[in-house]
Amino acid sequence: MAAPDIQTGFAPINGARIYYEVAGEGQPFVMIHAGVADRRQWNNEFAHFARRCRVVRYDQRGFGLSEPVEGEYRHLSDLVALLDTLGVDEPAVLMGCSMGGGLAMDFALTYPARTKALIMVDSGPGGLDLDVPMSPLFDEAEVAYEAGDLDRTAELEVQIWFDGRDRTPDQVDPAMRQLAYDMNRIALSHEAKELGEQRPNMDTPAWERLGELTVSVLVIVGTHDEPYSLAAADYMVKHIPSARKVVIDDAAHLPNLDHSAVFRQIVTSFLNALDG
């Protein structure tokens, strides 16, 4: 099948200009990137799933082409306003990675009638505090950021999130690693502008409300991700009756960039089950 036409634009939302891309028809499918990425995280999935769904991807405020601006904001309010602007009225499948997964879950809890299913990729519910070890590279990255060395910060964070635990840069796809670096480097440059004040999406954090989720939840996690992500995946499966987990070997925090074909097949099987 030929690739569907892509609609692009900037939506004026809550004082910001949010960049978005839409393609395809049918079941709404919203893809929300990680906090170390932007919409391009879904390059391997966007056109593919637009052949069966109406796919929406966008740069959250302060990422990619969506510049940060002064003032308080909530990522959930931005997402809702964007979907309203695009006329996404039917219940949507929301797929989010890391921070994007937390946002997707917040949406599902706040707007259950607008949610058909959740795909949580190396993510967890908002507010979940787990006693797990952290990579020492986090401290190095913080020192580099405070020193204004954003290139070094981006490299260290790529080692944490893309290379992952027990893998070296020469063991991963170099093109995908470069994309991960480039996306995060832009996010860091936006963060350094120190514009805007992010507010919590909900008064009660998601981890306290997991029992309210009744939609199907697919949890995907990479074996080389940080211990927190692995533990959060198990926590969701334990506390959300409708959740099931799939593990992708030889992948870290952005598993769809590690093994795009495997990732697409996992998501396709989930969508097929929803249709069935």
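Predicted model: local features only at pLDDT ≥ 70, side-chain atom pairs only at ≥ 80, totals over all residues.
**Entry 1: α4 and α5**

I began with a crossing: α4 passes α5 in a left-handed way. My note on the term: a crossing is left-handed if the near helix is turned anticlockwise from the far one by less than a right angle, and right-handed if clockwise. Helices here are DSSP runs (H or I, at least four residues), numbered from the N terminus.

Residues are numbered from 1 along each chain as its sequence is written, and side-chain values use heavy atoms, with hydrogens and water left out.

Next I looked up the geometry. Helix α4 (residues 137-146) packs with α5 at an angle of about 160 degrees, and their axes are 8 Å apart. Axes are lines fitted to C-alpha atoms, for helices over the stretch in contact, and angles run from 0 to 180 degrees between N-to-C directions. α4 and α5 are therefore roughly antiparallel (over 145 degrees; under 35 is roughly parallel, 65 to 115 roughly perpendicular, the rest oblique).

Then I listed the contact (heavy atoms within 4.5 Å). On the α4 side I found Leu137, Phe138, Glu140, Ala141, Ala144 and Tyr145. From α5, the residues include Leu150, Leu156, Ile160 and Trp161. By class, this contact has nine nonpolar, two polar and three charged residues. For the classes, Ala, Val, Leu, Ile, Met, Phe, Trp, Tyr, Cys and Pro count as nonpolar, Asp, Glu, Lys and Arg as charged, and the others, Gly among them, as polar.

**Entry 2: α5 and α6**

I followed α5 to its contact with α6. They pack at about 130 degrees, with axes 9 Å apart, so α5 is oblique to α6. This crossing is right-handed. Among the residues that meet are Ala154, Val158 and Phe162 in α5, and Met176, Ala180 and Leu188 in α6. I noted eight nonpolar, four polar and six charged residues in this contact.

**Entry 3: the cavity**

How many cavities of 30 Å³ or more does a search of the whole structure find? I found one. (On a 1 Å grid over the protein atoms alone, a cavity is a set of points where a 1.4 Å probe fits but cannot get out; lining residues have an atom within 4 Å of a point.) The largest cavity holds about 40 Å³ of space, a volume being the space filled by probe spheres set on the points. Its lining is Val36, Glu157, Val158, Trp161, Phe162, Ala180, Asn184 and Leu254. α5 (150-163) and α6 (174-191) are the elements that give two or more residues to this lining. The largest share, four residues, comes from α5.

**Entry 4: α2 and α3**

Last, I checked helix α2 (residues 75-85) against helix α3 (residues 99-110): about 70 degrees, axes 10 Å apart. They are therefore roughly perpendicular.

Definitions and conventions: 1 Å grid on protein atoms, 1.4 Å probe; cavity = no way out; pocket = protein on both sides within 12 Å on 5 of 7 lines; lining within 4 Å.
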